[in-house]
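Colleague: Please show me the model, and I will ask about it piece by piece.

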Amino acid sequence: MVTPSSPFSFLDDFINRVGSRLQPPGWVIHEVQHRAVLFLNHVLQQEPEAQQRLARQQGRVVEFEWRFVTMKVVATPAGLLDLAPEGAVPELMLVLAETSPFGLARAAARGEKPAVRIEGDVQLAAEVNWLVDHVRWDVEDDLARLIGDVPAHTIANGARRVVEGLRQFVGERGGKPAGSAGAE
């Protein structure tokens, strides 16, 4: 008997084929990486403890890899991140094991961290793990600067309810009861 496959398997195959053939120009990749670093620094600036931890890792290079996308960042003396210079040798490599974008989205909807292969400095890996576990983007605060406190709080509460409903839905579809995600 043939087991049914995910309806997203066709899209995964399509993304793999297109992604391996169509590569954006180097300047586009650099610009996207630069914007990602700016966003990460914005989030880091909201957490002084994270900046202190990163400042202690000054000059150390971490490489992130997922499918055909790689990005190297270096910790700055200010406790922020910058793109590593060309040819910089990473002291830590983090490779996402999940190749499917839909698999990553599914894990994120469940509130799970994706599987990561770690190569390199264990202490630096522990610091990066601390950052992943403890630093969160305060969307409501940023939104409040644009539209005010009350509308931002209302929108953020609505978004939290939508995310919780999505997590319950994905949890039920994934074979786990909705309330058992953190009970392991």
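Colleague: At what distance does a polar contact join the side chains of Asp121 and Arg60?
Modeller: This is a predicted model, in which local features need pLDDT of at least 70, side-chain atom pairs count only at pLDDT 80 or more, and totals for chains, interfaces and linings use all residues. Residues are numbered from 1 along each chain as its sequence is written, and side-chain values use heavy atoms, with hydrogens and water left out. A polar contact is a pair of N or O atoms within 3.5 Å; within protein, one must be able to donate a hydrogen and the other to accept it, and residues adjacent in sequence count only if both atoms are side-chain atoms. The side chains of Asp121 and Arg60 are joined by such a contact at 2.4 Å.

Colleague: Which backbone nitrogen does the side chain of Asp121 reach?
Modeller: Asp121 sits in the loop between strand S5 (116-120) and H5; helices (H or I, at least four residues) and strands (E, at least two) are DSSP runs, numbered from the N terminus. At 2.8 Å, its side chain reaches the backbone nitrogen of Gln123.

Colleague: Is Asp121 buried, partly exposed or exposed?
Modeller: Buried means under 20% relative accessible area, exposed over 50%, and partly exposed in between (1.4 Å probe, protein chains only). Asp121 has a relative accessible area of 25%, so Asp121 is partly exposed.

Colleague: Which residues does Asp121 touch, not counting residues up to four places away in sequence?
Modeller: Contact means heavy atoms within 4.5 Å. With residues up to four places away not counted, Asp121 touches Arg60, Glu91 and Leu92.

Colleague: Of the residues in the largest nonpolar core, which touch the most other members?
Modeller: A nonpolar core is a set of buried Ala, Val, Leu, Ile, Met, Phe, Trp, Tyr and Cys residues joined through side-chain atoms within 4.5 Å. In soluble globular proteins, nonpolar side chains tend to be buried together. The largest core here has 20 residues, and those touching the most other members are Leu44, Val62, Leu92, Leu131 and Val135.

Colleague: Which element gives the most residues to this core?
Modeller: Two or more residues come from each of helix H2 (26-44), helix H3 (48-55), strand S2 (69-75), strand S3 (81-83), strand S4 (92-96) and helix H5 (122-134). With five residues, the element that gives the most is H5.

Colleague: Is Val132 buried, partly exposed or exposed?
Modeller: Val132 lies in helix H5. The relative accessible area of Val132 is 42%, so Val132 is partly exposed.

Colleague: Why does Val37 count as buried?
Modeller: Val37 belongs to helix H2. Leaving aside neighbours within four places in sequence, Val37 is in contact with Met71, Val73, Leu81, Asp82 and Leu83. Val37 counts as buried because its relative accessibility is 4%.

Colleague: What is the relative accessible area of Gln33?
Modeller: Gln33 also has its place in helix H2. Its contacts, leaving aside neighbours within four places in sequence, are Thr70, Met71 and Leu83. Gln33 is buried, with a relative accessible area of 16%.

Colleague: Which residue lies over the face of Trp130, and at what distance from the ring centre?
Modeller: A charge sits over a ring if NZ of Lys or CZ of Arg is within 6 Å of the ring centre and within 35 degrees of the ring normal. Arg67 lies over the face of Trp66, at 5.2 Å from the ring centre. Over the face of Trp130 lies Arg53, at 4.0 Å.

Colleague: Which residue after H4 takes a positive phi?
Modeller: Within helix H4 (residues 101-110), Gly103, Leu104, Ala107 and Ala109 are buried. Just after H4, a positive phi of about 80° is taken by Gly111.

Colleague: How many helices and strands does the protein chain have?
Modeller: From the N terminus on, the elements run α-α-α-β-β-β-β-α-β-α-α-α. The secondary structure comes to seven helices and five strands.
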